[in-house]
Number of protein chains: 2
Amino acid sequence: MSSTSTETPDPPDARSRLVAAAVAAFAEKGFHGTTTRDIASTAGMSPAALYVFFPSKEALLHELSLVGHSRVLELVEESASSAADPVDQLGAVVEAFVRDHAQSHTGARVINYELSALTAEHRAEITALRHRIDLVVRDVVQLGVDQGVFHTRDPHMTTLAVLSLGIDVARWYRDEGVWSPADVAEHYRGLVLAMLGVAPDQ
Amino acid sequence: MSSTSTETPDPPDARSRLVAAAVAAFAEKGFHGTTTRDIASTAGMSPAALYVFFPSKEALLHELSLVGHSRVLELVEESASSAADPVDQLGAVVEAFVRDHAQSHTGARVINYELSALTAEHRAEITALRHRIDLVVRDVVQLGVDQGVFHTRDPHMTTLAVLSLGIDVARWYRDEGVWSPADVAEHYRGLVLAMLGVAPDQ
């Protein structure tokens, strides 16, 4: 803990500083507009020190994307299994998903907008995670349709719209705005259930 | 029409080639990851020839943003005034907005994701256009609420969600997918009306 020189930063700390610096830089200038030098310098490190942890700029994007998507998949799976009733399941999924995209809007923009910058192998891995998130939500929607509580002519496109609505929160949400992530999450829960033909409680 | 040399391209044609090249480059590499040299070369011109039409890379982004937002505002205004009934008005607005974001998805991503790259003056101009688009939709939603045909606890946030749903179509829509822009537009019309508590026709 005492007098760590900047040349030899504590590994876990340096790693997380680099990840945080990469999120900020990619969000501000885009993946292709960012250099590893920018990221290293924001993290208070040399480019050479960056390469100790990440072999390339793409490796940083991959790390961000993997961590971010894994976290969202876990969140969605937990929410879907928090209830037996599809209305409660979908409500919980939407609230968790939307709240997360409002809270982590900067990182969410990066991992949703920079997919094409990943290598083919990494993109396939992240696409598979996205597909799993999709399937969790699609299964909940289908369960509600099967039970006659949800009404939609196209459960597939409706699922896509539900996730799309949540993802776009990351584009427009502002920390300094009047709505908290919980406010948006709660309102969106109601909007999505209405989209599926569920009448509001009150 | 005969033997136009590449050094002195026909002005309107050169201008539109530059705009098309800028859309493609900004969509692929982001504004900050694109150089004027990239754009000029895609348009088959020299960087010097580019500067005859656009003094900077930002001037190109501004042109794209202004043309794109003005077109969407016109589209939304026309749709809103195409009917007297707020259900038909909102349905028409959503169909036009969604179809446009599916058809012009590449350009729509650029003008929605690169707002922060505009100069303060240009950003203020585009923000004002976005605000006008917002207000058209908010007025239609409010009219429906006032007439008791729409039900929402927060017309403002619901309007934002309606537009957000349309804007995010530009992120996920693929020309090679199974759904046409008209398919998505029609389904989204139903989803948005359901969001506002309007029961489907059939």
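**Helix α8 against helix α9 in chain A**

The crossing of α8(A) and α9(A) is right-handed; a crossing has this hand if the near helix is turned clockwise from the far one by less than a right angle, and it is left-handed if the turn is anticlockwise. The model is predicted: local features need pLDDT of at least 70, side-chain atom pairs count only at pLDDT 80 or more, and totals for chains, interfaces and linings use all residues. Residues are numbered from 1 along each chain as its sequence is written, while chains are lettered from A and ligands numbered from 1 in the order in which they are written.

- The axes of α8 (residues 155-172) and α9 (residues 181-195) of chain A come within 11 Å and cross at roughly 160°; axes are lines fitted to C-alpha atoms, for helices over the stretch in contact, with angles from 0 to 180 degrees between N-to-C directions.
- α8(A) is therefore roughly antiparallel to α9(A), a term for angles over 145 degrees.
- On α8(A), the contact is made by A:Thr158, A:Val162, A:Leu165 and A:Val169, and on α9(A) by A:Val184, A:Tyr188, A:Val192 and A:Met195; two residues are in contact if their C-beta atoms, placed from the backbone, lie within 7 Å.
- The residues of this contact comprise 7 nonpolar, 1 polar and no charged; Ala, Val, Leu, Ile, Met, Phe, Trp, Tyr, Cys and Pro count as nonpolar, Asp, Glu, Lys and Arg as charged, and the others, Gly among them, as polar.

**Chain A as a whole**

- Chain A has 9 helices and 0 strands; helices (H or I, at least four residues) and strands (E, at least two) are DSSP runs, numbered from the N terminus.
- The C-alpha atoms of chain A fill a box of roughly 60 × 40 × 30 Å along the principal axes.
- Chain A is divided into domain 1 (11-55) and domain 2 (58-195), with bounds from an automatic or database domain assignment.
- The C-alpha centres of these two domains of chain A lie 27 Å apart.
- Their contact takes 11 residues from domain 1 of chain A and 11 residues from domain 2 of chain A.
- On the side of domain 1 of chain A that touches domain 2, the largest share, 6 residues, comes from helix α1 (residues 11-29).
- That side of domain 1 of chain A has 10 nonpolar, 1 polar and no charged residues.

**Helix α4 against helix α5 in chain B**

- The axes of α4 (residues 57-80) and α5 (residues 86-103) of chain B come within 8 Å and cross at roughly 155°.
- α4(B) and α5(B) are therefore roughly antiparallel to each other, and their crossing is right-handed.
- The residues of the contact include B:Val72 and B:Leu75 of α4(B) and B:Ala92 and B:Phe97 of α5(B).

**How the two chains meet**

- The contact takes 23 residues from chain B and 23 residues from chain A.
- The largest share of the side of chain B that touches chain A, 9 residues, comes from α8(B).
- The residues of that side of chain B divide into 13 nonpolar, 7 polar and 3 charged.
- Of the interface residues of chain B, 100% are also interface residues in chain A, so the copies meet through the same surface.

Note on methods
Parallel < 35°, antiparallel > 145°, perpendicular 65-115°, else oblique.
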